[in-house]
Amino acid sequence: MEANLVLSYQSFSKVSMRNIKINTYYKYNKLAYPSTCCVLTKPPHNNHSSNCHVYKDNWFDHLAINHLSQSIQATTGLRNKKSGYEGFVEAARVVYVNFNSTHQANLVIESLQRAFPKPILSLVKMLLPESKWAREYCAIFTTIFFPWLVGPCEVKESEFNGRKENNVVHIKKCRFLEETNCVGMCTNLCKMPSQLFIKDTLGISVNMVPNFDDMSCEMIFGQDPPPLDKDPAFRQPCYKLCKLNNKHQADCNSQIKKKDHLEIS
């Protein structure tokens, strides 16, 4: 399958909005990532929806879900009347079907910037330079404060530069992937923007390794993602029963067409 790639970037810039159509001007540069990772299995053709986990969101979960959902809607200017996680997924779906692949990751990053105050992130970045303690702290923090977004998760141990560290978050079954049942929404709206946002705001590399067979995922703090043309996640076909019925073939994965590429200034 021919790979059409999302280009990596080093820094953020502002989003210019014209008549609610968004033209994003981020500076993209190809980054050389030293490490590679994982082998992903081919997504099964069966529909996972019959075994969906039932979530009982508490008040904090509802608050966080609605806040992120509203941040996405404010960024795109496209509103929906749904609430809770359903409203959040709908806001993400609108991004996926209305914008090209290049803009999708950019819009999510802009939404995350709205959702998480920059002064707090800058303070965290200053107080937590990348170290064993910082990587393990990020892993623990994720398992405590983000199950509402990704589902139940736990910290796992891995080897980092010849030493053992608890720097991996194992997501047992990703809530977002389970709800969308779409490989492209996973890679374009979660994996790619999250990796870039965490690196840029916290100064810590993270490699998100989705397993499209069982819908689990691992976030490996301190590990650079592989180059996009070598990352298995960006070559995966979508599920046969993708919930976006008009996007269940090759175009549904995270691959970008050449016409979507931004000019590098």
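**Entry 1. The chain as a whole**

I began with burial: 52% of the chain's 265 residues count as buried. I note at the outset that the model is a predicted one. I then looked up the secondary structure and found eight helices and eight strands. Among contacts with a separation of 6 or more, 66% join residues 24 or more positions apart.

**Entry 2. The largest nonpolar core**

I turned next to the interior. In soluble globular proteins, nonpolar side chains tend to be buried together. Here the largest nonpolar core has 59 residues, and Phe-88, Phe-176 and Phe-221 touch the most other members. Helix H8 gives this core its largest share, 10 residues.

Phe-176 is in contact with Tyr-85, Phe-88, Ala-92, Leu-149, Met-185, Cys-186, Leu-189 and Cys-190. Phe-88, one of these partners, is also named among the core residues that touch the most other members.

**Entry 3. The largest pocket**

I looked up the largest pocket and recorded about 1200 Å³ of space in it. It is lined by 40 residues, and those closest to its centre are Leu-112, Phe-116, Phe-141, Phe-146 and Phe-197.

I then asked which elements build the lining. At least two residues each come from helices H1 (59-76), H2 (84-98), H3 (101-115), H4 (118-127), H5 (132-145), H6 (147-150) and H8 (183-202), and from strand S8 (216-221). H8 gives the largest share of this lining, seven residues. By class, I counted 36 nonpolar and four polar residues in the lining, with no charged residues.

**Entry 4. The largest cavity**

I searched the whole structure for cavities of 30 Å³ or more and found two. The largest cavity has a volume of about 80 Å³. Its lining consists of Val-150, Ile-171, Cys-174, Phe-176, Leu-177, Cys-186, Cys-190, Lys-191, Met-208, Pro-210 and Cys-217. Phe-176 therefore returns here, since a lining residue has an atom within 4 Å of a cavity point and Phe-176 is listed in the lining.

Helix H7 (175-180), H8 and strand S7 (206-211) each supply at least two residues of this lining. The largest share, three residues, comes from H8. I noted the classes as 10 nonpolar, no polar and one charged.

**Entry 5. Lys-172**

I placed Lys-172 in the loop between strand S6 (163-171) and H7. Is Lys-172 buried, partly exposed or exposed? Its relative accessibility is 47%, so Lys-172 counts as partly exposed.

Lys-172 and Cys-217 are 45 residues apart in sequence, yet their C-alpha atoms are 6.9 Å apart in space. Beyond neighbours within four places in sequence, Lys-172 is in contact with Pro-152, Glu-154, Asp-214, Met-215 and Ser-216.

**Entry 6. Arg-114**

I found Arg-114 in helix H3. With a relative accessible area of 43%, Arg-114 is partly exposed. Its C-alpha atom is separated by 8.4 Å from that of Ile-72, a residue 42 positions away along the chain. When neighbours within four places in sequence are left aside, the contacts of Arg-114 are Ser-71, Ala-74 and Thr-75.

Last, I looked at backbone angles. Most residues other than glycine have a negative phi. Asn-161 is not a glycine, and its phi is positive, about 50°. Asn-181, also a residue other than glycine, has a positive phi near 55°.

Where in the chain do I find Asn-161? Asn-161 is in the loop between strand S5 (153-160) and S6. I placed Asn-181 in the loop between H7 and H8.

Terms used
Residues numbered from 1 in each chain as written. Predicted model: local features only at pLDDT ≥ 70, side-chain atom pairs only at ≥ 80, totals over all residues. Heavy atoms only, no water. 1 Å grid on protein atoms, 1.4 Å probe; cavity = no way out; pocket = protein on both sides within 12 Å on 5 of 7 lines; lining within 4 Å. Points joined across faces, edges and corners; volume = space filled by probe spheres on them. Helix = DSSP H or I, 4+ residues; strand = E, 2+ residues; numbered from the N terminus. Nonpolar A, V, L, I, M, F, W, Y, C, P; charged D, E, K, R; others polar. Core = buried A, V, L, I, M, F, W, Y, C linked by side-chain atoms within 4.5 Å. Buried < 20%, exposed > 50% of the residue type's maximum accessible area, 1.4 Å probe, protein only. Contact = heavy atoms within 4.5 Å.
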